[in-house]
Amino acid sequence: MRFGLAGLLKNAIRQNRDWPEQWPSPQPKARYDVVIVGGGGHGLATAYYLAVEHRLRNIAVVERGWLGGGNTGRNTTIIRSNYLLEESAALYDHALTFWKDLSQALNYNVMYSPRGVLTLAHSANDIRVLKRHIYANRLAGIDNEWLEPHEAKAFCPLLDIGRDSRHPVEGAALQRIGGTARHDAVAWGYARAAAALGVDIVQNCEVMGIRRDHSGAVCGVETTRGAIGAPKIGIAVAGHSTRLLAMAGLRAPIESFPLQALVSEPLKPVLPCVVISNTIQAYASQSDKGELVIGGQADAYLSYSQRGALHVTGHTLEALCELFPAFRRLRMMRNWAGTVDIAPDRSPIIDKTDVPGLYVNCGWGTGGFKATPGSGHVFAWTIAKDEPHRLNAPFGFDRFRTGRLIDEATAAGVTH
Amino acid sequence: MLLIPCPYCGSRPEIEFRYAGAAHIERPADPSSAGDREWSAFLYERSNPRGVHAERWHHAHGCGHFFNAQRDTMTDRFVTSDAAAGGTSP
């Protein structure tokens with residue numbers, strides 16, 4: 001079923017009682033050509049592009065919980081591609097080319113809103129760092145421009161640019177095409193579009209082991225819903241990547257950390273863009289429902305507790321209230337933490353592993369959502385062709401052996 | 001916030017400390033014969049366990065000592081803490 005005006009009118013008249021289910025919930029088959037472990041945005045996008053671009057139809061996505069119940073449903077929805085290093089900028093900009101038309105491609109409104117991402121500078125060093133980003137982005141053909149403080153204020157009127165602020169705004173980088181999208185809709189849209197192409201989406205199905213044949217190549221997964229055979233397995237499970245890799249006897253340069261976010265009570269429209277400050281570690285945008293969606297840096301230590309410490313969110317809110325004094329009396333509705341997997345150079349790993357037939361897409365750290373379509377696209381290519389796409393070739397395990405790290409943490413001058 | 005048991009000062013709040021990563025990482029015994037793969041494993045690969053994790057903490061805003069501790073990464077509860085072998089004071 002495709003969404004269209006006639007269907008919307010018909011269902012509106014019938015009080016929305018007759019919408020069919022968006023994707024079926026099949027029993028897993030005994031055998032697939034590809035099994036994707038992880039039904040988050042990246043896993044579902046991978047299955048979709050395997051089906052639509054590589055003509056593979058016998059695919060399963062197995063998800064431990066439910067769709068939108070993991071990090072996809074916990075992130076802060078920000079989309080941008082103004083990374084400094086050319087490998088990262090190319091990868092994230094590849095994703096941005098998909099975001100523009102994703103709702104049409106999936107026939108599902110992912111609510112992509114190119115409202116602009118404003119990254120603030122608070123010191124002479126910030127100005128240098130952000131201008132370097134802008135020049136690097138310009139050379140790569142990526143949208144990014146410099147705003148003086150009064151121009152930043154004009155773009156985002158509630159921003160305090162007073163000189164006596166604790167973190168005075170010295171200017172800002174603006175990526176106009178950056179913005180937000182509805183994170184749940186991205187998972188649901190990819191799930192629905194992939195299912196329509198014959199992909200089985202199997203929820204409540206946790207992978208307990210990875211099967212290998214006598215040659216050492218993968219031949220399937222053990223799950224809580226029985227064994228599933230497959231010659232190719234793609235792992236896209238964010239915080240739990242190292243556990244899945246360990247099932248195949250592999251170690252990875254990845255550690256898992258809590259990343260917290262929070263939302264305020266809903267407000268009338270007050271924040272017309274995304275605002276990021278790397279220096280004081282806070283970012284915020286306003287959801288279509290009116291809540292401010294707020295995030296900061298990851299907690300400092302390895303943990304799977306999905307909690308994180310209150311002083312980290314406290315620090316984020318202090319910083320935000322300095323930038324927007326009007327937010328001081330806002331109540332916060334709820335906060336939460338996801339588990340993010342972080343590589344030593346703060347860049348993702350999208351690669352084949354040393355085990356034939358086993359592929360991994362991990363290490364997105366604190367910023368994987370923005371990459372979802374591009375990540376799925378290049379990971380599907382890697383799985384289908386058994387070799388990396390041009391754009392993810394630099395993002396392999398090999399960089400930790402050759403020393404060609406893609407050090408975005410140092411490049412951005414932040415903990416990322 | 002974690003309450004971290006510094007072996008020198010007793011339990012103190014997390015904001016006094018810096019996390020210093022996994023403990024007991026062994027440098028290749030014969031550096032000149034270790035290849036890229038071995039160095040890469042030493043520098044970057046970690047066990048990242050769900051459960052008890054041996055790690056180093058630096059009491060940066062306290063006594064300044066480094067020490068080892070074991071913490072359950074599922075609950076964030078500390079199991080033990082010890083003065084690190086070869087730990088340094090300021």
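Analyst: Strand β13 (residues 255–264) of chain A pairs with β16(A) in the antiparallel sense over four bridges; strands are DSSP runs of E, at least two residues, numbered from the N terminus, and two strands pair if DSSP finds at least two bridges between them. This is a predicted model, where local features need pLDDT of at least 70, side-chain atom pairs count only at pLDDT 80 or more, and totals for chains, interfaces and linings use all residues. Residues are numbered from 1 along each chain as written, chains are lettered from A and ligands numbered from 1 in the order written, and side-chain values use heavy atoms, without hydrogens and water.

User: Which residue stands opposite A:G295 in β16(A)?

Analyst: A:A261.

User: What about β15(A) and β16(A), how many bridges?

Analyst: Four, antiparallel again; β15 covers residues 282–286. A:S285 stands opposite A:V293 there.

User: Is β16(A) mostly covered or open?

Analyst: Mostly covered. Six of its seven residues, 292–298, are buried, meaning under 20% relative accessible area (1.4 Å probe, protein chains only).

User: Switching to chain B. What's the element order?

Analyst: β-β-β-α-β-β-β from the N terminus. That is one helix and six strands, a helix being a DSSP run of H or I, at least four residues.

User: And how much of chain B is buried?

Analyst: 40% of its 90 residues.

User: What does the C-alpha trace of chain B span?

Analyst: About 45 × 30 × 20 Å along its principal axes.

Key:
Buried means under 20% relative accessible area, exposed over 50%, partly exposed in between (1.4 Å probe, protein chains only).
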